[in-house]
Structure formats: structure tokens, C-alpha cells
Amino acid sequence: MVLTGNLITILDNASELVILAIGMTLVIITSGIDLSVGSTLGLSGMVGCMILMNTQNIILGVLAMILIGVLVGLVNGILVGYLQLPAFIVTLGTMKICRSLDYVISNASTASKFPEVYSFLGKGKVGGAFPVYIIFIFVMFAIFIWVMGKTKFGRYLYAIGSNAESARLTGINVKFNVMMAYAISGLMCGLAAWIMTSRLMACDATYGDGAEMDAIAAAVIGGTSMSGGRGSVIGSVLGMLILAVMNNLLNLIGVPPFLREAFKGIIVIGAVLLQKKEKAS
């Protein structure tokens with residue numbers, strides 16, 4: 001029973017972060033970075049939840065979350081892909097903008113009092129045992145394994161990350177495909193907000209804070225190269241599960257939260273050093 005409880009805790013803590021890691025993987029494969037995912041999750045979740053709270057219309061609330069996420073992703077993608085601004089600076093800026101808007105829109109208060117049926121994705125269970133959100137994550141997982149392995153779009157992203165100029169000379173629309181990678185990352189933020197708010201049945205201005213670090217860490221631990229051109233959705237999901245298990249173990253042995261973040265940082269640096277060593281050899 002204790003083992004089952006810990007497993008559920010691990011899955012709960014990793015649920016929305018796995019979705020973010022999938023989107024982050026696509027962006028990093030293009031040799032980019034998206035520091036705004038945590039704040040985008042928070043903003044899209046807050047806007048959607050406020051609409052949901054005031055209208056009691058679940059469809060409108062969820063659509064708002066998805067649209068806000070995609071909109072932020074498109075802004076990032078246009079600035080990085082078409083205007084060729086540095087991804088780090090662009091997404092750092094949108095991270096700050098989204099978090100600020102989150103606090104302004106919510107007035108630093110919590111949105112709650114949703115229709116009970118809204119909890120189905122986050123708390124519902126199939127057959128009384130298997131969480132619905134796990135099925136949702138598996139569906140997203142399968143879709144993006146197929147996208148990255150079997151579609152031209154996936155192959156284009158790898159080619160762009162390996163050598164953007166060579167990709168352009170072969171006829172790949174580099175600017176458009178980079179923009180789409182960021183738009184998909186934004187979409188994942190909206191979906192992650194849906195899972196998180198459905199699971200917690202509330203939303204406040206701190207939701208998603210620091211999630212970008214977890215998403216980046218999962219991708220790097222899972223083998224995605226920060227220089228682009230290499231990585232996989234499978235690896236990133238496994239990386240996120242490794243992080244979730246590590247967090248749970250550190251919590252069980254009583255390690256303070258701020259030290260847990262230090263362990264996470266050490267693991268990320270170690271993973272990058274291993275990648276560099278493999279590349280050099």
C-alpha cells in the first residue's frame with residue numbers, strides 16, 4: 001500500500017511536467033530553448049480558470065488555456081524563427097511578461113469553485129483504478145513519438161538542429177518549422193495547465209513557477225543535446241520520471257526542498273558533461 005501511494009505521488013507530481021518536457025524536447029532539438037513554459041502554464045491556467053469560474057463553461061475554459069498557450073508559443077516562434085532573435089533572451093522576456101500578467105489578471109488571488117465534472121481529467125479513474133490523466137499523457141506520448149519519428153516535420157526539426165543553413169539549402173522552411181516547434185511547446189503548456197488545474201481544482205499565480213527547469217532537466221537527462229539535432233520524446237519522458245523518483249526519494253529521507261533543487265542542478269550539469277564527452281569521443 002505504501003509503495004502504491006508513493007507511485008501515485010510520483011505520477012501526480014510528474015503529470016503536467018511530462019507534457020511540458022515533450023514540448024521542450026522539440027524546441028531543444030532545433031537548437032533552441034523555451035524558458036517561458038512555466039509562466040505560460042501559469043498564465044494559460046489562470047485565464048482559463050477565471051473564465052471557467054465565471055461562466056461554469058468547461059469547454060470555454062479549456063479552449064482559453066490552449067489558445068493562450070499556443071499564442072505565447074507563436075510569439076516566441078515568430079521572434080526566434082522569423083526575426084532570428086536569441087531564443088534565450090526572447091523566452092526569458094516572455095517568461096517575465098506571462099508571470100507578470102498572471103499576477104495582474106488574478107490580482108494575486110486563487111481561482112476555484114469549478115464544476116465538479118472538471119476534475120474528471122485530473123482525478124477520474126478508469127475502472128476505479130487507472131487515472132484518466134495517465135491515459136491522456138500516453139496519448140500525447142504516442143502522438144509525438146510518431147511525429148518525431150515518422151513525419152517530415154520531425155525530420156526537419158532534427159535537420160535544423162544539426163545544421164540550420166544546410167537544412168535551408170535543401171529546401172526546408174527553417175523559419176516556419178522553428179516557429180511551429182515553439183507553437184507546439186505553447187500548446188503543451190496549455191494542456192499541462194488543464195491537467196494541473198483539473199487535478200488541484202484551483203489555480204493561483206504561482207502555478208508553473210520553476211517548471212521550465214524541470215522540463216529542460218528532463219530533456220537533458222533523457223539525452224536531448226542542448227546544441228540541437230539529437231534527442232527523443234521517449235528519453236525526455238524517462239528523464240522526467242527519473243527526476244520525479246529522485247524528488248520523491250529525497251523527500252522520503254527528509255532532504256530540505258532547497259537542497260533537492262541543488263541535486264537537480266548537479267544532475268543536469270553532469271548530463272551535459274557526459275554529452276560533451278560523448279561528442280568529443
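Tutor: Start with the criterion: rings of Phe, Tyr and Trp, the last by its six-membered ring, pair if their centres lie within 6.5 Å. Planes over 60 degrees apart count as edge-to-face. This is a predicted model. A search of the whole structure finds two aromatic pairs.

Take Phe114 and Tyr118. Their ring centres are 5.6 Å apart and their planes meet at 80 degrees, so this pair is edge-to-face. Phe114 and Tyr118 are both buried.

Now Phe136 and Trp194. This aromatic pair is edge-to-face too, with 5.7 Å from centre to centre and 75 degrees between the planes. It links distant parts of the chain. Phe136 sits in helix H6 (residues 132–150) and Trp194 in helix H9 (residues 174–200), 58 residues apart. What about burial? The cut-off for buried is under 20% relative accessible area. Phe136 has 16% relative accessibility, so Phe136 counts as buried. Trp194 has a relative accessible area of 22%, so Trp194 is partly exposed.

Next, the nonpolar packing. In soluble globular proteins, nonpolar side chains tend to be buried together. Here the largest nonpolar core holds 76 residues. Those touching the most other members are Ile19, Leu20, Leu26, Phe144, Met188, Val233 and Met240. Look at Leu26. Setting aside neighbours within four places in sequence, Leu26 is in contact with Phe144, Met148, Phe153, Leu157, Ala181, Ile184 and Val233. A second core is separate and has five residues, among them Leu43, Val47, Ala64 and Val72.

Definitions and conventions
Residues numbered from 1 in each chain as written. Predicted model: local features only at pLDDT ≥ 70, side-chain atom pairs only at ≥ 80, totals over all residues. Heavy atoms only, no water. Phe/Tyr/Trp six-rings, centres within 6.5 Å; stacked < 30°, edge-to-face > 60°. Buried < 20%, exposed > 50% of the residue type's maximum accessible area, 1.4 Å probe, protein only. Helix = DSSP H or I, 4+ residues; strand = E, 2+ residues; numbered from the N terminus. Core = buried A, V, L, I, M, F, W, Y, C linked by side-chain atoms within 4.5 Å. Contact = heavy atoms within 4.5 Å.
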